[in-house]
Amino acid sequence: MIRRLGIQATLAAFIALSMPAVAETRETLEQWIAEALANNASLSAQQAAIEAAEADVEGSDTWADPVVKYGIAPETLEGPNMVGHRFEVSQKLPWPDQLSASRGASEAGVRAARQDTLWQTRKLTASVKEAYARLWYSAQAIELHHETRALVEQLADITRQRLEYGEGTQSELLRIETELDTLDAQLVELQAEQGRLSASLIPLLGRRPQPSELVLPVPPRMPMVADIPVETDHPLVQAAEARTAKAQARLDAAEADRRPTFTASAGYNSLWADESKRWMVGVGIQIPFSGQRQNSAVRRAAAEVSQRQWQTTQAHRDLLASIGDVKASVQAGYGRLEILDQRHLPNQSAHWEASLNELASGTGRLEDAINSARQLTGVKLTREAVIRDLFSARARYEALQPAQAISVSN
């Protein structure tokens, strides 16, 4: 009779432990993302880079400032005649394609800065989601550790009952108490690890989050993109393409610098006695003496164009490799979760119930029951780890998707 009552009480406690707890207050992932986007220093610096690039566009296609020269004849200051002086205004005349190339380079710089900011935003969002999943998992590990201790406490109750009726041994009870002490020591380390993880998120969020208030659902399945076209609008590739366009515009400007430079001037010289000769206009021309400096600049600009083109190709290849890697992780995560839910967790739950019943009836070993309790919560913790990894992989996958794929999935 005592054994049946003990088993019934144990099974009732096990069912109660299986019911999910409801937190009073919860922090949402959307709140984390909003805080990170508002407080992240790197993202703010990237916004400043966009402003600097936009400011550079304003003066990129303007003419050079005119040069004003003025001279005076000191000997005429004290004489009876008019003071002799001379002034001249000169203006360098740019080639039209020079100005357009300069503006094109600046506009490409703006596009690159904006795409860098968009990519930084995507990476930051994915990092926040991964951090949210890690801290949630830390809280789940502590919660399941408490569940493990509760299961071992049930074994302790059964062992004490069996000891009172002469069916157990003192060594078994001491073994249970040692196991409880071990679990308490492990809990201290889990809590310390949670504290370290929470503190590490201060640079990301600007504050220390509360792990007990996090909720992470199982991410639903989403369609996977089969392949990414060569012409993609992903910010990582578009930023590289913008830098290539900027380098090409610089090459065009360097090619234009090979031409002669013209200067228009106008002036007045009062030293001429003939008033008809005092006003003058003129044109100056600056011809490259050897062309070595200009040719060196062209070669350097051409090499930069080639470098940027190869970097764009590599960025696209890296994007394809990252998508393939994360895609495999997402698909594997769903497969592992399905096995855990449909087979592993039910089988381990049944194994624990059988071990509990065998120990209560005197046919089972205490060590087997302890291992079964640890394995049950271990399987549950493995499931939480799969959800954490799946959620993180999904976040990285979304960050790597082109804009078209994101708009279709939404």
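What percentage of the 410 residues in the protein chain is buried?

Author: Buried residues account for 38% of the 410 residues in the protein chain, where buried means under 20% relative accessible area, exposed over 50%, and partly exposed in between, with a 1.4 Å probe and protein chains only. The model is predicted, with local features needing pLDDT of at least 70 and side-chain atom pairs pLDDT 80 or more, while totals for chains, interfaces and linings use all residues. Residues are numbered from 1 along each chain as its sequence is written, and side-chain values use heavy atoms, leaving out hydrogens and water.

The protein chain contains 10 helices and four strands; these are DSSP runs numbered from the N terminus, helices being H or I of at least four residues and strands E of at least two. Along the sequence they follow the pattern α-α-α-β-β-α-α-α-α-β-β-α-α-α.

The four strands build an open sheet in the order 1-2-3-4, with antiparallel pairing; two strands pair if DSSP finds at least two bridges between them. Strand 1 (67-72) and strand 4 (279-286) each have a single partner strand, so one side of each lacks a neighbour in the sheet. From one strand to the next, the twist averages 20°. Strand 2 (residues 85-93) is joined to strand 3 (residues 261-269) in the antiparallel sense over eight bridges. Within this pair, K92 lies opposite T263 in strand 3. In general, strands of a sheet pair through backbone hydrogen bonds, either parallel or antiparallel.

Let us turn to the helices. Helix 8 spans residues 292-361 and includes A302. Because its relative accessibility is 33%, A302 counts as partly exposed. A302 and R250 are 52 residues apart in sequence, and their C-alpha atoms are 8.8 Å apart in space.

Axes are lines fitted to C-alpha atoms, for helices over the stretch in contact, and angles between N-to-C directions run from 0 to 180 degrees. The crossing of helix 8 past helix 9 is left-handed, meaning that the near helix is turned anticlockwise from the far one by less than a right angle; clockwise would be right-handed.
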